[in-house]
Amino acid sequence: MKKKFLFTCIITIVLIAWNCSEKSPVAPHFANQSEMLDKRIHLPVGTVTSILQLPTDNSPEGITIDKRGNMYVSNTVGSINEILCVRPNGSYSVYATLPGAGQARGLVYGKRGSVYVAFATRNRNTNGVYCLKRNGTSVRLRGSEKILGPNALTFDALGNLYCTDSDGGAVWRYDRNRTFVKWIEDPLLAGGIPSVVPPFPLPGANGIAFYPPNKLYVANTMQNSICRITIGRKSAAIKIELVKQDFLLMNVDGIAVDVYENIYAVLPPSTLRAIGAPPLPPLVMLNPNTGVITPIVTSDCASDFNTPTSLAFGTRGISNRLSVFIANAALQYGQPMEPWANPGIVKVYVGSIGLPIR
């Protein structure tokens with residue numbers, strides 16, 4: 001009941017929206033491809049399809065998809081943290097198991113077929129970012145044990161790996177010395193305890209996505225915002241700026257970017273109305289050039305979701321490439337189970353393709 005009260009206090013905080021006047025370049029050379037694909041599909045934007053349903057004690061947090069269309073999903077079951085491999089035909093198996101208790105979070109697919117996962121634990125011996133080989137073995141990347149709250153992962157065009165630190169208000173980078181180092185720390189990335197509610201810390205920097213040639217977009221859960229980091233020469237972070245802070249980004253979690261630079265974001269509180277959360281769409285799209293936020297799935301369709309936490313664009317097949325796949329983490333804050341969906345994966349048609357994976 002205490003958690004229920006505290007969470008109700010937090011999710012009812014509404015920040016005043018403002019637009020970011022600076023415009024960043026788009027990628028018009030992708031446009032024709034997306035439009036040609038879209039003409040061959042006759043689905044309304046926002047169409048939701050269930051892909052995977054897991055037992056009620058599961059909690060899938062992160063998702064990434066390889067070039068063959070296989071999905072990798074970080075899944076916590078009690079004290080067990082596993083990575084599931086979900087095949088295009090819907091069957092799945094355990095791809096790897098992480099050591100110790102904690103929470104398996106964000107995933108990203110690597111160039112050489114490896115899968116990387118952010119694993120947040122309270123144990124320095126297990127906390128960090130892991131590289132999962134094709135044979136299922138795992139190796140923790142050096143320096144990642146120092147990340148206070150490893151959460152989401154992305155690569156840039158040069159193959160640098162970035163990880164958000166939700167508890168440390170920072171972004172870390174895996175450098176040429178094969179070591180994770182703190183890359184940028186800034187108030188725009190900070191989380192913590194809002195001053196107007198009882199103590200209940202919320203994550204800061206959360207979802208992260210790269211857009212070429214040199215931009216990183218980062219979601220901040222506590223600040224209900226998305227910011228942009230400009231990458232300079234020698235991979236230095238030369239500027240960080242607020243893109244948007246808004247009610248329609250309340251407690252924003254995972255993000256993904258399409259070829260037009262539109263940012264798609266999932267909102268976990270969208271399915272918490274039973275404990276006082278305002279009506280929110282589970283999936284929204286932010287145009288970073290205009291600041292306009294467009295709901296992709298309305299709050300009326302929230303029964304297809306259950307505290308959505310992360311998303312990834314499909315990679316194989318026309319319908320999949322024009323859709324995002326969303327993890328329903330089924331996190332519990334005191335809300336009743338009905339009528340929310342089981343933990344698992346849903347597919348949402350958005351009518352635009354994501355950036356090609358490395």
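Residues are numbered from 1 along each chain as its sequence is written, and side-chain values use heavy atoms, with hydrogens and water left out. In this predicted model, local features need pLDDT of at least 70 and side-chain atom pairs count only at pLDDT 80 or more, while totals for chains, interfaces and linings use all residues.

Student: How many of the six residues of strand 16 are buried?
Tutor: Strands are DSSP runs (E, at least two residues), numbered from the N terminus. Buried means under 20% relative accessible area, exposed over 50%, and partly exposed in between, with a 1.4 Å probe and protein chains only. Strand 16 covers residues 215–220 and is largely enclosed by the rest of the structure, because the buried count is six of the six.

Student: Which residues of strand 16 lie on each of its two faces?
Tutor: In a regular strand the side chains alternate between the two faces of the sheet. Both faces of strand 16 are covered, and the residues on both are all buried. One side holds Lys-215, Tyr-217 and Ala-219; the other holds Leu-216, Val-218 and Asn-220.

Student: In which sense do strand 15 and strand 16 pair, and over how many bridges?
Tutor: Two strands pair if DSSP finds at least two bridges between them. Strand 15 spans residues 205–211. Strand 15 and strand 16 form a hairpin with three residues between them, and Tyr-211 stands opposite Lys-215. The sense is antiparallel, over five bridges.

Student: What is the omega of the cis peptide bond that joins Pro-212 and Pro-213?
Tutor: Look at the loop between strand 15 and strand 16, where Pro-213 is found. The bond from Pro-212 to Pro-213 is cis, with omega about 5 degrees.

Student: Which residue in strand 17 is the bridge partner of Tyr-217?
Tutor: Strand 17 covers residues 225–231 and pairs with strand 16 in the antiparallel sense, over six bridges. Within strand 17, the partner of Tyr-217 is Arg-228.

Student: What is the phi of Asn-224, and is the residue buried or exposed?
Tutor: Asn-224 lies in the loop between strand 16 and strand 17. That hairpin has four residues between the strands. Asn-224 is not a glycine, yet its phi is positive, about 55 degrees. With a relative accessible area of 2%, Asn-224 is buried.

Student: Where does Glu-261 lie, and what is its relative accessible area?
Tutor: Glu-261 also has a positive phi without being a glycine, near 80 degrees. Its place is the loop between strand 19 (255–257) and strand 20 (263–266). Glu-261 is buried, at a relative accessible area of 0%.

Student: How many aromatic pairs does a search of the whole structure find?
Tutor: Rings of Phe, Tyr and Trp (its six-membered ring) pair if their centres lie within 6.5 Å; planes under 30 degrees apart count as stacked, over 60 as edge-to-face and the rest as tilted. The search of the whole structure gives seven.

Student: Why is the pair of Tyr-72 and Tyr-109 stacked?
Tutor: Tyr-72 lies in strand 4 (residues 71–77) and Tyr-109 in strand 7 (residues 103–109), so the pair ties together parts that are 37 residues apart in sequence. Both are buried. The ring centres are 6.4 Å apart and the pair is stacked because the planes are at 15 degrees.

Student: What kind of pair do Tyr-162 and Trp-183 form?
Tutor: Tyr-162 is in strand 12 (residues 161–165) and Trp-183 in strand 14 (residues 180–185), 21 residues apart. Tyr-162 and Trp-183 are buried. Their centres are 4.9 Å apart and their planes at 65 degrees, so the pair is edge-to-face.

Student: What is the count of disulfides?
Tutor: A disulfide is a pair of cysteine sulfur atoms within 2.5 Å. Cys-85 is buried at 10% relative accessibility, and Cys-227 is buried at 2%. By the sulfur rule, the count is zero.

Student: Which backbone oxygen does the side chain of Asn-81 reach?
Tutor: Asn-81 sits in strand 5 (residues 80–86) and is buried, at a relative accessible area of 0%. A polar contact is a pair of N or O atoms within 3.5 Å; within protein, one must be able to donate a hydrogen and the other to accept it, and residues adjacent in sequence count only if both atoms are side-chain atoms. The Asn-81 side chain makes one with the side chain of Thr-76 at 2.8 Å. At 3.3 Å, the Asn-81 side chain reaches the backbone oxygen of Gly-102.
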